[in-house]
Amino acid sequence: MALGKLFRTTVFKISLAYLAVSAIGAGLVLGAVGWNMEHLIDAQIAQTIDTDITGLSEQYAQGGMRRLVNIIQKRTRRPGAGLYLVTTAAGEPIAGNIVSLPPDILNRPGLVETAYQPPGDTGGKHRALARNFVLAGGFHLLVGHDLAEGESLRHILGEALLTSLLWLVVIGTLGGLWVARRVLNRVDAINANAQAIVAGDLSGRLRLTGTGDELDRLGQNFNAMLERIAILMAGLKEVSDNIAHDLKTPLTRLRSGVEQALRSAKSPEEYRGALEKALDESERLIQIFDALLSIARAQAGAGREGMIDFDAASVARDVGDLYEPVAEERGIALAISAEPGLYLHGSRELAGQAVANLLDNALKYGVPEAAGLGPNRAPAQDPKGTVELSARRCGGNVEFVVADRGPGIAENDRLRVLDRFVRLENARSRPGSGLGLSLAVAVARLHNGSLQIEDNKPGLRVVIRLPAAPVRHEPRAPLAVPQPDKAA
Amino acid sequence: MSLMRILIVEDDSEAAYYMVKAFREAGHVADYVGDGLDGYARARDETYDVLIVDRMLPKLDGLSLIGSLRAQKILTPVLILSALGQVDDRVKGLRAGGDDYLAKPYAFSELLARVEVLARRNRPGLGEETVFRVNGLELDRLAHRLTRDGKEIQLQPREFRLLEYLMKHADQVVTRTMLLENVWDYHFDPQTNVIDVHISRLRAKIDKGFDPPLLQTIRGAGYMIRDGSR
């Protein structure tokens, strides 16, 4: 892996930023420690000096100048001794181990920090903390303490700071690189994987580590996206396959009919007949085309922006009302029931069409097999079957249920129709579930709902379950005259 | 239907040619222009009963054309023709100022019926009537009452609306989709011809036992309430 690439990673940049923050933090902490230490040392020195002065001034009071000078000479001979100087009132040195001092030092009260020169040392800078004490008789006693100790401590602390910062930088950089490399490895793996999937086989999926960390979750979402794309692609493919099949068959008939007429028709009547046939075929083509287009659009989620809140009960009643004479004509009892105030958010038109398709199917195919109704049969005295259409609330959902007493759909076919809803071919090969059912499924999905095919024992029961509208509104201005719940 | 002056704004010259020919055969005057700007100029400067406007036009698209006309207070009824036939497209078209919307491909009988209804709509005095009368059949919208030759006929609410629409457009062809749109407010194409069944049921109530039959089927087009004695 190229190092440059590693440096460009977000993880590495974050590591660097973190490192900078840690370095500043460490500096502050060590600085504070150093500052405190210095103060502590200064305080200790001051105390030592004060104790010394008290002791020496006592000795002076008891034994006079000679005793003081003796003690100081004894003390200054010891290695690492403090600084001592005894002078006359005029400042002439009498005893001590200080060679030169700034002249005004003896006139300053309290603890003073000053430069000084010890005996036998001409170069170098020596600094000391000192205090001047005036003895009886006007003599000055100066007691001091070299600050080299504090300075060396500062030096040690400074070095420690530098060393630790250096280590921090080294470890931080290496750690950052290591973490970046680890993350980059996984991201690169995901990228490579994704590229391979995008470039080639869309059925491939990212390998997940199963740790559930953020990269895994990213991978999961990516896989979910791929899943969705695959479904859309499959839908597109199936739709185009179906278009090819459903449209080419009538197109072939249309073309053959026209060809045949051009080749062999003799009389105007024959031409007229051929043209009428061609018109019928084109009409059928348009119908299929419209149905396929509606399904494709609903599947693609088109028309979502035009969604409104509408009353599901009125949809059920309107559609029931629309089909009621058809049911009566076929001798089927149509029972419509709708709970009031069932609000859905979506397309009233599409919901109506979906329910109409289900009802259409139920009325066409949902009669008991023995009845064997013809399409134009006169109204029968006793119903040949019963079809129920209802809209009801079920938890947070609104359900449209269309149930009949017909032959139903075998269980394994039922699953097939649902799972592979876009396989119009399969759906159409079963009675009662043609393009209409596919559209109903697409409409249910568009509304984030589902369509289920159940056994009505006997018969078929199709349930469109749609999530109810979150907020209930006043019904929109009724476009239809209110209908009694049960049609006559 | 009396003579109508129709302006067709359509960029497909062949489709326009068929339309012009068919409208002339139906006894109307039809002009044709091929782009939106010409269409706007003609509609502004001349008087037409109905404009037929394609949605996708060169130079000025159909919806903008309608918007410009409406901004100029030119309220000639407009029928929008479009390959986009979905509900939301229709809503957009009507919102832009169109009066009716027909998706391509269409049957000419459908187009003719709609154009005739639009042309009639703009004539004064229509739409305010509360009682419709056709040869002894009398429908009172406000009283919700229907009589024929003085005898009261009971209709279900939906049948009443169906008949009301037919009688409002008496002597005009009304297609199945027009009925579905105006009486049920749905625009889809039912797989079964449900409207036919409603009509035959209505016919049984208003024509059975009376003479002449008023509710007539116009073959290949739709239905019409017509004074059969004429």
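How many residues of chain A are in contact with residues of chain B? In this predicted model, where local features need pLDDT of at least 70, side-chain atom pairs count only at pLDDT 80 or more, and totals for chains, interfaces and linings use all residues, 25 residues of chain A are in contact with 22 residues of chain B, contact being C-beta atoms, placed from the backbone, within 7 Å. Residues are numbered from 1 along each chain as its sequence is written, while chains are lettered from A and ligands numbered from 1 in the order in which they are written.

**The side of chain A that touches chain B**

- Helices H5 (268–300), H6 and H7 (348–365) of chain A each give two or more residues to this side, helices being DSSP runs of H or I with at least four residues, numbered from the N terminus.
- The largest share, 7 residues, comes from H6(A).
- This side divides into 9 nonpolar, 9 polar and 7 charged residues, where Ala, Val, Leu, Ile, Met, Phe, Trp, Tyr, Cys and Pro count as nonpolar, Asp, Glu, Lys and Arg as charged, and the others, Gly among them, as polar.

**H6(A) against H8(B)**

- Helix H6 (residues 312–329) of chain A packs with helix H8 (residues 194–206) of chain B at an angle of about 75°, their axes 8 Å apart; the axes are lines fitted to C-alpha atoms over the stretch in contact, and angles run from 0 to 180 degrees between N-to-C directions.
- H6(A) and H8(B) are therefore roughly perpendicular to each other, a term for angles of 65 to 115 degrees.
- The residues of this contact divide into 6 nonpolar, 1 polar and 2 charged.

Notes. Parallel < 35°, antiparallel > 145°, perpendicular 65-115°, else oblique. Contact = placed C-beta atoms within 7 Å.
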